[in-house]
Amino acid sequence: MKYIDEFRDGELAKNIVANIRREAATNKHYSFMEFCGGHTHAISRYGIADLLPANVRMIHGPGCPVCVLPIGRVDQAIRLALEMNVIVCTYADTMRVPASDNLSLMRAKSRGGDVRMIYSPQDALKIARDNPQREVVFFAIGFETTTPPTALIIKQAKAEGIANFSVLCNHVLTPAAITHILQSPEVRQYGTVPLDGFIGPAHVSVVIGSQPYEHFSNEYRKPVVIAGFEPLDVLQAILMLIRQINDGRAEVENEFTRAVTREGNLKAQAMVSEVLELRRSFEWRGLGEVPYSALKIRSAYALYDAETRYGIGYKPVADNRACECGAILRGVKKPQDCKVFGTVCTPENPLGSCMVSSEGACAAHYSYGRFKDIEVVSA
Amino acid sequence: MNGEVKKGYVRALDIKNGRVDMSHGSGGRAMAQLIEEMFASAFDNEYLRQGNDGALLPTAGGRLVMATDAHVVSPLFFPGGDIGCLSVHGTINDVAVMGAKPLYLAASFILEEGFPLIDLQRIVHSMAAAAREAGVPVVTGDTKVVEQGKADGVFITTTGVGVVMDGVNLSGANVRPGDVILISGSMGDHGMAIMSRRENLDFDVPIESDTAALHHLIAAMLESGADIRCLRDPTRGGLATTLNEIAKQSSVGLMINEEAIPVKPVVAAACEFLGLDPLYVANEGKLIAICAAADAERLLAVMRAHPLAGDAAIIGAAHADPHHFVQMKTSFGGRRNVDWLAGEQLPRIC
């Protein structure tokens with residue numbers, strides 16, 4: 001596949017790995033967090049951790065949209081489907097996120113709720129056009145990548161006067177989450193999470209640009225390298241981070257120059273800020289309440305805001321006590337440190353949200369890296 | 001009295017504009033007409049012509065193999081095939097991978113009220129052509145009609161029987177450490193042909209389903225005398241899921257090599273676009289063969305000589321592993337688990 005295979009070339013990988021091994025100082029430990037689930041997935045799927053020397057460790061970050069979605073938010077969508085006879089449209093992974101009462105949107109569907117999987121928010125708008133007698137809600141989740149398409153359909157719905165359509169908006173913001181992690185006691189005081197640098201998001205940065213990360217290099221002295229989602233991108237970013245540490249630099253560097261600029265996509269940013277505005281606070285699964293970390297629909301578009309339209313208040317619900325998703329999302333624990341990992345909690349029956357999406361730290365480790373936890377006779 | 005009895009007149013089915021209605025499943029004259037004009041004429045053979053509740057068949061020597069498969073594919077027509085030929089190939093393959101020569105098929109139709117007769121005819125003709133080409137007749141059948149909304153056009157269940165010759169013993173439980181894994185061709189064609197239609201994705205090169213009957217290929221493989229432990233057709237769940245089934249059944253580990261697994265560029269591109277992994281996507285005309293290491297190259301040559309397995313490849317081997325993991329050396333140089341499919345194969349969203 002042209003433009004894809006070039007970024008998965010095993011021979012090029014060997015060169016970068018050789019450089020990493022040569023340049024990583026043997027008397028040092030390097031701990032880098034890849035913020036994004038897309039990177040987590042690439043690292044697991046291509047076996048990148050296998051290629052790194054023992055003193056270079058990757059910590060999986062909270063950048064998996066369904067992983068950070070709190071139970072209470074899924075409960076709202078389930079109430080819409082089961083109690084209010086609304087057609088709820090959402091992305092595939094969202095359907096499997098465990099909610100209260102042993103439900104998920106997929107289980108709500110099997111109980112008669114009209115829940116539909118879509119690929120694009122445009123599909124949700126089409127379902128609303130095709131079913132004028134029904135109420136249709138798009139259960140919107142995701143980071144800055146998926147936010148502009150949500151803003152666009154809200155604008156479209158208003159322009160076309162589609163009255164039976166609204167959005168349950170749960171869009172969250174990357175920089176706020178990184179700040180939250182950097183200010184967490186584990187990182188700042190106890191040093192339980194050594195964090196030497198970040199691999200910055202790929203697609204998110206296409207939208208917001210590289211500028212927002214400058215705060216982290218300036219204020220927190222943490223190097224950030226923005227990288228694409230292909231395995232060679234990730235290896236190259238790791239090498240660039242090692243070089244920054246070795247040089248004593250803390251800068252924002254852009255490995256993903258083929259798509260990311262300093263300013264980002266200004267048109268998308270303008271559209272988002274026309275339709276959406278900052279929430280004072282938003283609950284993240286694993287991180288708890290994070291100030292100014294999510295977006296809500298502006299009052300000018302209140303008609304299209306499912307939260308106000310149906311008066312469904314938000315009720316926080318605590319995670320299952322055995323579930324370590326919170327600590328895993330903050331980088332404090334690894335999936336295999338969790339007692340229920342691979343026993344009660346599996347991709348078939350996820351207890352915690354990190355086991356749902358293939359971008360989640362637990363699902364990625366379960367599906368791709370489990371062989372490392374036990375002794376395996378080699379082939 | 002006029003001694004002449006007026007010959008019964010039945011107006012022929014209006015295939016062009018007609019639709020299935022509830023009377024076509026009632027057991028009355030309308031059903032008899034549908035069976036006669038739609039099914040019996042297309043599938044025509046001496047056993048079906050007996051016209052009884054069941055087909056009376058001559059027995060053949062050897063052990064009997066029986067397999068059944070329900071088909072509910074959507075859309076009903078897709079590039080490279082339709083539910084009709086698929087329902088024939090699917091069951092023939094299930095019988096054939098047991099090492100059997102498929103002999104007869106039974107077909108059961110669940111029709112949705114309102115389904116256009118012209119579409120039904122297209123499906124039945126495709127099925128009849130596939131059965132004739134394979135040399136495996138449909139010898140008995142059944143038709144039921146359900147109200148509109150209770151089915152999705154047409155569902156077809158086919159059942160097949162075949163015989164296994166003495167000395168042929170294929171089973172997913174036979175694999176031993178050291179055995180070699182082969183596949184007959186590119187992975188993921190069928191599933192992506194369906195997905196590309198369902199999602200209305202247009203590619204410059206259309207993706208065609210690989211639906212095909214594999215019994216002739218399998219007969220050639222068995223004739224080669226290679227020590228084959230197990231054959232499987234990797235349908236739903238794809239290569240990855242089928243290998244996990246075999247690893248569990250045989251209590252071994254399997255190690256495959258990503259670079260050796262053929263995937264067509266257009267299928268790889270479509271998978272990339274939808275966030276799918278071709279190793280988990282369904283095939284309908286491919287098989288996995290596991291054989292003794294000493295016979296692997298010979299078996300590969302026999303497979304490659306057959307038109308349905310020109311791209312056959314050796315993709316890995318079995319080893320001792322108490323955890324029965326399927327693992328893969330990635331083309332990138334790393335190693336990872338290839339796990340069972342969890343839930344549906346859901347595309348990633350970001």
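A search of the whole structure finds three cavities of 30 Å³ or more. Rolling a probe the size of a water molecule over the atoms shows where empty space is left. A cavity here is a set of points, on a 1 Å grid over the protein atoms alone, where a 1.4 Å probe fits but cannot get out. Grid points are joined across faces, edges and corners, and a volume is the space filled by probe spheres set on the points.

Go to the second largest cavity, with a volume of about 60 Å³. Select its lining, the residues with an atom within 4 Å of a point. Among them are A:Cys323, A:Glu324, A:Ile328, A:Phe341, A:Gly352 and A:Met355. The lining holds 10 nonpolar residues, one polar and one charged. Ala, Val, Leu, Ile, Met, Phe, Trp, Tyr, Cys and Pro count as nonpolar; Asp, Glu, Lys and Arg count as charged; the others, Gly among them, are polar.

Next, select A:Tyr292. Its phi is near 45°, a positive value in a residue other than glycine. Find A:Tyr292 in the loop between strand 12 (288-291) and strand 13 (295-297) of chain A. Strands (E, at least two residues) and helices (H or I, at least four) are DSSP runs, numbered from the N terminus.

Move to chain B. Select B:Ser74 and B:Pro75: a cis peptide bond joins them, with omega about 5°. B:Pro75 sits in the loop between strand 1 (63-71) and strand 2 (77-78) of chain B. Most residues other than glycine have a negative phi, and most peptide bonds are trans.

Now show helix 2 (residues 83-96) and helix 3 (residues 117-134) of chain B. Their axes are 6 Å apart and pack at an angle of about 35°. Axes are lines fitted to C-alpha atoms, for helices over the stretch in contact; angles run from 0 to 180 degrees between N-to-C directions. Contact means heavy atoms within 4.5 Å. Residues that meet here include B:Ile83, B:Val88 and B:Ile92 in helix 2, and B:Ile123, B:Met127 and B:Ala134 in helix 3. This contact has nine nonpolar, four polar and no charged residues.

Then pick helix 5 (residues 215-223) and helix 8 (residues 296-304) of chain B. Their axes come within 9 Å and cross at roughly 145°. B:Leu217, B:Ala220 and B:Met221 in helix 5 meet B:Leu299, B:Val302 and B:Met303 in helix 8. This contact has six nonpolar residues, no polar and no charged.

Last, colour chain B by pLDDT, the predictor's confidence in each residue, from 0 to 100. Chain B averages 92. Over residues 346-350 of chain B, pLDDT stays under 50. Where pLDDT is low, the predicted coordinates should not be read in detail.

Residues are numbered from 1 along each chain as its sequence is written, and chains are lettered from A in the order in which they are written. Local features need pLDDT of at least 70, side-chain atom pairs count only at pLDDT 80 or more, and totals for chains, interfaces and linings use all residues, while side-chain values use heavy atoms, with hydrogens and water left out.

Key
1 Å grid on protein atoms, 1.4 Å probe; cavity = no way out; pocket = protein on both sides within 12 Å on 5 of 7 lines; lining within 4 Å.
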